[in-house]
Structures are given as C-alpha cells and as structure tokens.
Amino acid sequence: MNDKLEHVTEENSSKEQYSLNDDRRVRVLSPGAMVAKRFFRNRLAVTGLAILIFMFLFSFVGGVISPYEEDQIFYRTDTQYKEYAAVIQNKEYRFTSAGADVGFDSIIQAQMVLAMQQGKDSFQWKDVDYKVTEEGENFYSISTGGKMIGITFKDIVNLSQEGTELDFEFQYNALKAFTNGEASFKVGSDTYQLDAEGNVTKDGDDYAFVSEYIIQAVMSDVFLSRDFKEQLLATIGEGKDLFEFKDTDGETYEYRLSYDASKVTWSVRQEKSTSVFDRYSAPSKEHWLGTDTNGMDMMTRLMYGGRVSLVIGFIVVVIETVLGVIMGGIAGYFGKWVDMLIMRIVDIFYCIPSMPIIIILGAVMDGMRVDPQVRMLYLMLLLGFLGWPGIARLVRGQILSLREQEFMTAAEATGIRVRNRIFKHLIPNVIPQLIVICTMSLGSTIITEATLSFLGLGVKFPFASWGNIINDVNDTFVLTTYWFVWIPAGVLLLLTVLAFNILGDGLRDAFDPKMKR
Amino acid sequence: MKDNQLAKYIVKRILISVVILFFVALIIYSLMRCLPTSYIEQVAREKSMQPGSKSFEEWMKQLTAMYNMDKGIPEGFIAWLGNMFRGEFGDSWKWTVPVVDKFADTVWVSFAMGAISLVLQVLIAIPLGIIAATKQYSKTDYTISVIALAGISLPTFFFASLMKLVFSVHLGWFDLYGLVGRNYEQLDAFGKLLDKAHHLVMPVTVLTVISIGGLMRHTRTNMLEVLNADYIRTARAKGLSEKSVVYKHAFRNTMIPMVTILGGSLPGLFSGALITETLFGIPGIGYASYHSMISGDIPFSMFYLTFMAVLTLTGNLITDILYAVVDPRVRIS
C-alpha cells in the first residue's frame, strides 16, 4: 500500500501540486473499469481471451478466406491395374456342334475322345453308329448316317474383325486347311487364303486367324482386335511381362502379364488411370492439414467445424440462460409455493440423465433419417432445454438475498411493475454471476456437442463439427496412421474449451470485489 | 431432541426424493412412449430379420404388450411401475437375457473402475488442491489451476484416443480394446485378475484425469475459504506453526464439505462411464447401456435411465444428510 501511495504522489508532484482535498488527486474508476482492470491484470485470463479471439477468427473469418468450400471434394488420379483379358493356351480338345439339334452332346463327345485315343474310327452308342474321321493334326470330325454332326479340335479359329459370325462351315474348312498345311480353302462361293502362321485373308483383307491360344476379354463389351491378340501372343512368346499396345484411337496403354502355371493362363491387366477421392492425403502446400476420409480439405473442415461448434454452443447457452433467468427470477421473487414448485421442477430436471436421453433421441433420429440440418436444430433445442436448471438455481439463490435489500423496498414503494422489478432491478445484479456461469457452460456445451458428434449422434455429415471430424478415429487404421485427421481437431477443441473455462475463472475473479488483486 | 430433528429431516428428504423419482420416471416413460411408432416397427422389423428370430407380427405384439403400448400413457405407466416394484424389467432385446441379469453381469466392472478412479482422485486432487490454496497466486498455484482446468476441458474421447495412440500403438504396453487378453482362459485365477487389472489401467487413467480437475478446484476453493476465516487468523496470532495451522486447523474444516461431496458421489460409482467404457470396449454398465440405447433396446434403456435417476437422487440425499450430520451449524427446518 505504501509503495503505491508514494508512487502516486511522485507522479503528481512531477506535474502539478494539487491541494490535499482536490478531487483531481484521486482517479475515479467506474465499477466496470475496475472489473476490466482486474481482469487484464490476470495473465491467464488474458491468454484465454486471446485463444478465444483466435478461434473466432479461425472459424468465422477463416472459412471466408479459405480457398475451398466446406464440402468441396478433391480427387486425385490413381493408376490402377484392372483385369483386362486372359490368355489360355489350349491343350484340350474343344468341340463345336454342326447345329443345335444334331445330338452332339457331352456323352457323344466323351465317346468320341475315347475312340480317338484308341485309334478307332467308329464307335457305337445306344444303337447308333458314329464315324470318327481324322481330318488333320489334332482335328477330327464326327458323322452319323453320312451327316457331319460336329468337330473336335485344339487350334481355335478367331475372327479379326468385330461383328461377323463364325459359322460351323467356315470353322471346319479353315481348320481343315490349317491342320493340313493348305494355302487356301473355300467356303460356299468365297475363297480364303491361309498362311503358315494361321492368318486367314479374304481378297487380301484380314479375315480370321487360327491359333492354339484363346484370348478372352474380361469385360463382355470389349472386342480384342487381331493386332492386339497377335502382339500379345508375340510378347508372351518372348516371355516378357510388360506389354504396350497402341489402340485404334491412337492411345498407348500399358499391360502387365502374369502367368498362372496351374491354370496355363496368362492374365492381362491394363493400367488405367482413374479419378478417386483424394482420401487421407498427407499435409501439403495445397492442403495444410491434408484431407479427410471424403477427400475434403481438413483445414477448411476445421474452420467450418469450429463455426458449427461455436454457434451451437452459443445458441444452446442463450436458450439455457433465457429459460433459467425467467424461471429462477420468478421463483426467487415470488418465493413460497411458486418457488417450491419451480425448484421441484428444477430437481426433476437435475435427475433426468441427460446424456443417455440425448443418445437415445439421436439413435431414433438416425432410424428416422432426419435431415442433418433439422437434426442440428433439435440438438440445440434439446441441449438448451435440459441445461437450464443450473442457471435457474443460481439466479434464484441470488435473488432470494437481493430482494430483501433496501433498494428493492424502494422499488416496491415507487410502485414499479413486478415484471420491471424482477428484470430491471434484480436480474442486472445477477449479471456478473450469469456471465461467469454462461462462459463456463459454453465450454461444457461444446464438449457435449463434440461428444455426441463423435458418437455419430450429433452434427452429421455433410456438416462439419470438431466432434464428427474426430469421429474418424473409430477406425483403428486412421488412429494409428493418419494423425492429421484427428489430432488437430482435438487440440482445437481442447484449447477452445480450456479458454472458455479460463476466461470464466478470470471473470469470476475480476467480478469479485473481495479479490485482493 | 436433536436426533429427533435429524430423523425428521431425513424422512422428509427421502419423501421428497421419492416424489421426484416418481415424476422423473413418468417423464422417462412418456418419452419412451412418445418415440414414433414407426421406430418400434422398425426395431421389430430388424429383429425379425435376424436369423432364427420370431416373425415381425410376433415381435410387434411382444413390443406393444411389453410396454403396454396398447393402453394409454397413465395406465401403461402404472402397469410399468407395478412391474418395476416387483423387480420385473423384462428381457433386454439387444442382449437377449433378462435386463436384471445383464445389469448384474456388467455393473461390477464399472464399479471397480469407478472406485479405483475415485481413490486415485482423492489421493491426487486433495493434496494438490491444498498446496494450491496455501500458495495462492504462486507459480505452483497457477500450474495446478491450469492442470485442473485442462482436466475439466479435456474431451474424454480425444484423451482416450491419444492414450491409445501413445500407449497401445506406439509403446505397445496395452491392448486397444477389451477387458481380457487373448490367452485369458489359459491363466490361473491370479493371472486372470492381473490380466483384467492390466486392461483396466488405461480406462482408469482416463477416468481419473478427466474428473480430477473438479475435485482439485473444489478443494482449493474450500481451503481458501477456510484459510481466510477468522479462527485461522487467531491460530496464526497464537503463534502456531504454519504446518499445524494448515493441517490441523484448516484441513479438518475443509474436510466438512469434501466429505459430503465424496459421500454424494458414491452412488455415482455404479453408473458406469459411458464414453470411456465404450471406447475401450470394457463390458461395464456404460458400455452395455450405450449399445442398448443406440440399438433401440427399450427395456434396458428404461431400466438404465431409471437407475441413473435413482443414483443421482441417492447421491443428493447422502450429501444433504451428511452435511446435516457433519456440520452441526446447519439449521434443520
């Protein structure tokens, strides 16, 4: 105390000498200024205030400055190998029937192979005679009653062009020519040329080719051109596992070949670049905190999430305060049975387990598929409606003691209306405590909302909230691998709530006139 | 005379509590009844989809009959109250055992967790709170206050996730989920106990850290109030050592409100830790009730809500009674 006095006198003596009872010697501070002075002297509280200002700027201004939208999805091109075709080296006999109803069924086919292996040229089955003719190397035909009903072969006839049909007649003639090493064959009135590699040309144009490999596209709507097949076979022959092919539209695709010995099959996978959600990409220049599970910018989500968390907190606290002040004010002022009634209601509300009830209602809203925006509204109303009893109790307690004071007797004597007596004369005296409790309950409301959103029962996608951003951590893989998805949101949440609590504490101390410092 | 007054006070408090409980139960029941009927149908449909389940009509019939949905709310409520007094809470839909059995199965794990955590809280928070109060405005005080506030501000789920990341994933000290390890069945009785204790370390730590702040602040505030009292000044004026002033004169008086608060928090040990248990997969009452609630298990949820209300009321009752017993200055009127 002495230090201060000396300080003051020194300061004054340096300027001008006032007489001892001069008012100018005393600096008068209004109660508000005293509170502000006490508040700003508390370094911790000022830190809390600074954090909160930062959070507000981050959430409300940040969203505007951020180049991205709240639910803007980012894509990246990803090269994927997709199964494109399969190449099978044919080592087994294949059968083609001359027509649909000639009776070349599987039993006959089996009997035919048996006969072929035994070197017989005929066999009998169910009193019908069948004749097997070796038409060429690994190429047989079967006929009964002088009529050919089917062929059996190992080399396969493929068409070069899309669209035309391979008929039995053509297959038979082509195979016969190929297996016997002939250079041309005739089907109906058309003549086809055939070279040693199995290429069939008609009037100089590619028509078909014969080969022991079967090449099938995985997708039924893809037609594999002859060029492709030939080059592919050449690559397989060279034993390479990479294959490039220039398509008819001029684009070059890369294919990977892999051989499965047990199935005597090569699978051909095409390298294709597809556009996918840019999920969980690591922090970079474009995305300072990476992207989340939906390929949205994390930083921007955090900004909008902060907005939602803070706005929900504020609205809930406003609802709580309005309800609490009205109920508490009425109970405190009227006393007697009104007080008794309202306080029992408060007791009942205190007893209702609010978290479980909100969880149940959240699950019900999940089941009913309530719109996310409507849901947010319900959440605020519910939290506000369940949270007022604390404030009502505080207001009532304060007013019970205030209403016995002289100024209230004066207010009553001047004939002010009851409503004004409560809300103009009593409530303003409770404001300091109200501010403190509101600041604190802002923090706890934000935690409650975040917890609910974390459980997936509060704010729902597409809206962001700090809680539902952390929700991703339920996936253990995200927990262990992608820290940037959940830790920043958690830190922001912790800092905000901590700042509200520190601020509340600081305000309480500042408002308290008994405080020494 | 005094005992008589105290008894009267206790009886009055109990009667008020019963009335409050009646209304709370009414509100809970009405709320459950107000769930959209389509929701009940949906639950019935889901239930009937499960392999080997009853048909949709049978489920609907059971659901409506069990909750007296065919009657009005007042009649249904009275019927439900009657069942409750007979200890009949019905069968849990989610766990397919009687609600009371499931409760008995799960509550002891929760109680153990809560009790260990409470002991730790008391052991850590009260000394720290006293130190903070005796050294008001010092660096120690600020540090303790900030730690307390941080504990209050920590969202459970975030802290639990951090713990998991550090201690389960990076250090590999604990399992991520569950109460028992992989080879629990092969262990002997003592090994089983150790295994469970090992799995409870993280959940109990989380529980302790997030609730320690409140108790610490409470201790500090109470201690400050006592330290500013006149009789402490008298004690100092007598020339007593600071140690005996703080620990003999002030501490005992601080204990009055502390005892009442701790006594009041005893029933809460049974209520389970919903978030912590769910996150760590500890099959306690909180875990069971969370899964019941999100899957629309009305019998279990009703039971849990009522149980929670009873616990809160018992806690308040104990606080009030203890306060009246411990502090003779409390006027009983």
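Domain bounds here come from an automatic or database domain assignment. On that basis, chain A is divided into domain 1 (31–74 + 286–511) and domain 2 (86–276). Their centres, taken over C-alpha atoms, are separated by 75 Å.

Some ground rules. This is a predicted model, where local features need pLDDT of at least 70, side-chain atom pairs count only at pLDDT 80 or more, and totals for chains, interfaces and linings use all residues. Residues are numbered from 1 along each chain as its sequence is written, while chains are lettered from A and ligands numbered from 1 in the order in which they are written.

Now chain B. Its secondary structure comes to 13 helices and zero strands. Helices (H or I, at least four residues) and strands (E, at least two) are DSSP runs, numbered from the N terminus. The C-alpha atoms of chain B fill a box of roughly 85 × 60 × 35 Å along the principal axes. Chain B has 333 residues, and 37% of them count as buried. Buried means 20 or more other C-beta atoms within 10 Å of the residue's own; exposed means 12 or fewer; partly exposed is in between; C-beta atoms are placed from the backbone.

Contacts next. Two residues are in contact if their C-beta atoms, placed from the backbone, lie within 7 Å. In chain B, take the contacts with a separation of 6 or more: residues 24 or more positions apart account for 70% of them.

On to the interface. How many residues of chain B are in contact with chain A? The count is 39 residues of chain B, against 37 residues of chain A. Elements giving two or more residues to the chain B side include α1 (2–34), α7 (156–170) and α13 (298–326) of chain B. By class, that side has 30 nonpolar, eight polar and one charged residues. The classes: Ala, Val, Leu, Ile, Met, Phe, Trp, Tyr, Cys and Pro are nonpolar, Asp, Glu, Lys and Arg are charged, and the others, Gly among them, are polar.

Cores. A nonpolar core is a set of buried Ala, Val, Leu, Ile, Met, Phe, Trp, Tyr and Cys residues joined through C-beta atoms within 7 Å. The largest has 142 residues, and those with the most contacts inside it are I359(A), I470(A), A489(A), L493(A) and F303(B). Helix α12 (residues 418–454) of chain A gives the most to this core, with 15 residues. Apart from it lies another core, of 28 residues, among them I156(A) and Y207(A). Back to L493(A). Leaving out residues up to four places away in sequence, L493(A) touches A450(A), W466(A), P155(B) and F158(B).

One helix pair. The axes of α5 (residues 99–134) of chain B and α12(B) come within 7 Å and cross at roughly 130 degrees. So α5(B) is oblique to α12(B). Axes are lines fitted to C-alpha atoms, for helices over the stretch in contact, with angles from 0 to 180 degrees between N-to-C directions. Under 35 degrees is roughly parallel, over 145 roughly antiparallel, 65 to 115 roughly perpendicular, and the rest oblique. The residues of this contact divide into four nonpolar, three polar and one charged.

R220(B) is found in helix α8 (residues 189–227) of chain B. Buried or exposed? R220(B) is buried, because 25 other C-beta atoms lie within 10 Å. T481(A), in helix α14 (residues 476–481) of chain A, is exposed, with 11 other C-beta atoms within 10 Å.
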